[in-house]
Amino acid sequence: MVNRLSMDIGLVYGSSTGRTRLAAERIREELGPEFVRSCSDIRCCGRRAFEAEDLLIVGASTWSVGELQTDWERAVPHLDGLDLRGTRIALFGLGDQHNYRDTFVDGMGLLHDKLASLGARLDLGAWSVDGYGFRESLAVRDGRFVGLALDDENQPELTAPRIRAWCSQLRAELGLAPRGVVRAA
Ligand SMILES: Cc1cc2nc3c(=O)[nH]c(=O)nc-3n(C[C@H](O)[C@H](O)[C@H](O)COP(=O)(O)O)c2cc1C
């Protein structure tokens, strides 16, 4: 397979205490800022974040009990009517598997269903549940997370390696050139 040298990736996240924002910045760094052209907070950008890219990476934490992060909760009704057919989306989510073991990263599952209902193609970045200790999650389908699950509260030492491994999985799934290969002019 010939690796692609160029790709426009957009990143959008919602974050209440900054953990998801930090993860988004790490993902951008890991994939390479030459590919990830924007990294936006859904609180500021709203549905503009969903304008066409080759790939959109969408991140959310989970709050209340099994609810979307507040800014996403406000933004989601405004996404109605968007036509995301043909838009490829990969997801990541932050949560706390010990204190919220029945709703671990539910927000990622809620966003998955919303974006799927708008026609998005969500076939990238599924992630193994191995190494986590939760009971239930709306983000698990067919025994795998629909995207990268991170738990900064209980497994902070695993966040960076998980991001690294997930980004390298995404690169392989996208046929994207390995890190360090310069973007074509
Ligand atoms: C009041 C409260 C409710 C939470 N509810 C959940 C939950 O239902 N499921 C979950 O996985 N994590 C839950 N969390 C954990 C957060 O998702 C986690 O701290 C996350 O890293 C926050 O990311 P953010 O700072 O980017 O918003 C909750 C945390 C708090 C303080």
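Two strands count as paired if DSSP finds at least two bridges between them. S6 and strand S8 (residues 144–145) pair in the antiparallel sense over two bridges, and serine 128 has arginine 144 in S8 as its bridge partner.

This is a predicted model, in which local features need pLDDT of at least 70 and side-chain atom pairs count only at pLDDT 80 or more, while totals for chains, interfaces and linings use all residues. Residues are numbered from 1 along each chain as its sequence is written, and side-chain values use heavy atoms, with hydrogens and water left out.

Turn now to the ligand. The ligand is surrounded by 20 residues, and the closest are Ser15, Thr17, Thr20, Ser61 and Thr62 (a residue is near if one of its heavy atoms lies within 4 Å). By class, this shell has 11 polar, six nonpolar and three charged residues. Helix H1 (19–31) and strand S3 (55–63) each supply at least two shell residues; the largest share, three residues, comes from S3.

A backbone N or O atom of serine 64 lies 2.8 Å from a ligand nitrogen, and a backbone N or O atom of glycine 66 lies 2.8 Å from a ligand oxygen. A polar backbone atom of leucine 94 is 3.5 Å from an oxygen atom of the ligand.

Conventions
Polar contact = N/O pair within 3.5 Å; in protein donor to acceptor, adjacent residues only side chain to side chain. Helix = DSSP H or I, 4+ residues; strand = E, 2+ residues; numbered from the N terminus. Nonpolar A, V, L, I, M, F, W, Y, C, P; charged D, E, K, R; others polar.
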